[in-house]
Amino acid sequence: MPNERDAWASQLRKGVLDLAVLALLVSEAKYGSQIVDELAARPALAISAGTVYPLLARLSRGGLVQTTWQESPVGPPRKYYELTAVGRRQLSAMAEAFAEVSSALNDLMGELR
Amino acid sequence: MIRTLDELTPDARAAAQAWLDQMVDAVQPALRAAVREDLVAHLCERLDATAGVPDVAQVTLAAGPISGGPSSGARWTRRLLAGWRLRDLAGRIAATWWNPAEERLLVPRAMGLGWDLNLGAVAVRLGVIEPDAEAVPFTATPARAFATAAAVPAALAAAAVLHYAVRGRSLPDRLPAHWNAVGVPDRWMPKGRAAAVDVMATVVPAAVAGWAVRSGRPGPERAGLIAGATLFASIGATTTVARSLGEQPRPWLGPVLAAVGPLAVGAVLVGLARAGRAEEIRRDLEETNE
């Protein structure tokens, strides 16, 4: 049942996408295509640019990230995204909730392994 | 708030149980236990131990009937009607015709049924703009860019007016009103009426665009108004040219008439979006340098 598995995995990805993008920004500011590429480098989290950009716009409108254009060493300036204080708080709350769910699930699935 | 329905007075509990039985009855048997549990939680959250029968009635009435949402018929009606809403139509048009963050080229229309071309996605594919140049397109676009964009429908209107003013006398008394598939005129109208139609079709949009520039409306709304005005004015101006071409078949006329509008609108929206992007960059880089 590869299709059902893929569909379910895709739902799961959508549910944690906010967390994934916020977590990518925890150490440093990143620009849009860099965020898309870094997600793509993790196949389990790979999501199309068409999903990532509207999400970034939403996070920015919600005040979780702020954007700044910066000169690029190659080519035109780039728009960088960085976490705001609110974004950081939200990220820790989300990470905590995710850890709880994940540990409960791991507990439940212990017998599977 | 209470923890179980047992905390209620016997009368209130009986009323709550009766409501639960009635509600759960409407649900498929496999789901009854789960739904009942949810409804009990709903009641417990909203009632306290002193609640009487009227309080229970109030909470249960507010909960409404259980159903799977509106029927598909009602949903479709709502969706159809949503397509004809007038509220913020200009802003919706701008968001439909220019949504660079969205990858799809065809998107549901802002007004009515069907699909429109997402020129923002086209621009991203052509490398003209980044998908995230502005979080909300046209919010950073400066006033002078809107004034420049509104000059496009104004120029088209001026061209149509000049055309009839200068060449009007030398044009035949009747002008084409319709063309067949190979671009041969198959319906005609008097010159005066054709001129009036073409002048109106370009001057009114130009006036709307001019008003939009000075209106102080939000950027997306102004962009939508100017884009719509450009579409109508470009169709009007192309028709003006087409009417003066005579009776020879011109098979390219149809495709040109169809392409001019989107091209003109695309150029205007690219200009506005690039101006917004430039303004954001200027602001950010100046702040960094300060």
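Predicted model: local features only at pLDDT ≥ 70, side-chain atom pairs only at ≥ 80, totals over all residues.
B:Trp188 belongs to β4(B) and is the bridge partner of B:Pro176. Now widen the selection to residues 174-179 and 185-190 of chain B, which are strands β3 and β4. The two strands run antiparallel and are joined by five bridges. Strands of a sheet pair through backbone hydrogen bonds, either parallel or antiparallel.

Next, look at the turn between these strands. β3(B) and β4(B) form a hairpin, and five residues lie between them. Pick B:Gly183 in that turn: its phi is positive, about 80°.

A positive phi also turns up elsewhere in chain B. Select B:Phe138, where phi is about 75° although the residue is not a glycine. B:Phe138 sits in the loop that links α6 (119-125) to α7 (143-167) of chain B. Is B:Phe138 buried or exposed? It counts as buried, because 26 C-beta neighbours lie inside 10 Å; the cut-off for buried is 20 or more.

**Two crossing helices in chain B**

Select residues 89-97 of chain B, helix α5, together with residues 219-243, helix α9. At what angle do their axes cross? The angle is roughly 80°, and the axes come within 7 Å. The two helices are therefore roughly perpendicular to each other.

To see the contact itself, show the side chains on both helices. From α5(B), the contact uses B:Ala90, B:Gly91, B:Ile93, B:Ala94, B:Ala95 and B:Trp97. From α9(B) come B:Pro220, B:Glu221, B:Ala223, B:Gly224, B:Leu225, B:Ala227 and B:Gly228. Sorted by class, the residues of this contact are nine nonpolar, three polar and one charged.

Stay with α5(B) and ask how many of its residues are buried. Seven of the nine are, so the helix is mostly covered. The buried residues are B:Ala90, B:Gly91, B:Ile93, B:Ala94, B:Ala95, B:Thr96 and B:Trp97.

**The domains of chain B**

Colour residues 5-63 of chain B as domain 1 and residues 143-289 as domain 2. The C-alpha centres of these two domains of chain B lie 63 Å apart.

B:Gly52 counts as partly exposed because it has 14 C-beta neighbours inside 10 Å. Which residues does B:Gly52 touch, leaving aside those up to four places away in sequence? They are B:Thr9 and B:Ala12. Draw a distance from B:Gly52 to B:Ala12: the C-alpha atoms are separated by 5.3 Å, while the two residues are 40 residues apart along the chain.

**Across to chain A**

Show both chains. Where they meet, the contact takes eleven residues from chain B and 16 residues from chain A. On the chain B side, five of the residues are nonpolar, none are polar and six are charged.

Now hide chain B. Chain A has four helices and three strands, and their pattern along the sequence is α-β-α-α-β-β-α. The C-alpha trace of chain A spans about 55 × 30 × 20 Å along its principal axes. Of the 113 residues in chain A, 20% are buried. Among contacts in chain A with a separation of 6 or more, 49% are between residues 24 or more positions apart.

Select the three strands of chain A. They form an open sheet in the order β1-β3-β2, with antiparallel pairing. β1 (30-31) and β2 (65-70) of chain A stand at the edges, and each has a single partner strand, so one side of each is left without a neighbour in the sheet. Look along β2(A) and strand β3 (residues 78-83) of chain A: six bridges pair them in the antiparallel sense.

The last stop is A:Val21, in helix α1 (residues 2-24) of chain A. A:Val21 is buried, with 25 other C-beta atoms within 10 Å. Finally, draw a C-alpha to C-alpha distance from A:Val21 to A:Leu45, which are 24 residues apart in sequence and 9.9 Å apart in space.

Key
Residues numbered from 1 in each chain as written. Chains lettered and ligands numbered in written order. Domains from an automatic or database assignment. Axes fitted to C-alpha atoms, helices over the stretch in contact; angles between N-to-C directions. Parallel < 35°, antiparallel > 145°, perpendicular 65-115°, else oblique. Contact = placed C-beta atoms within 7 Å. Nonpolar A, V, L, I, M, F, W, Y, C, P; charged D, E, K, R; others polar. Pairing = 2+ DSSP bridges. Buried ≥ 20, exposed ≤ 12 C-beta atoms within 10 Å, placed from the backbone.
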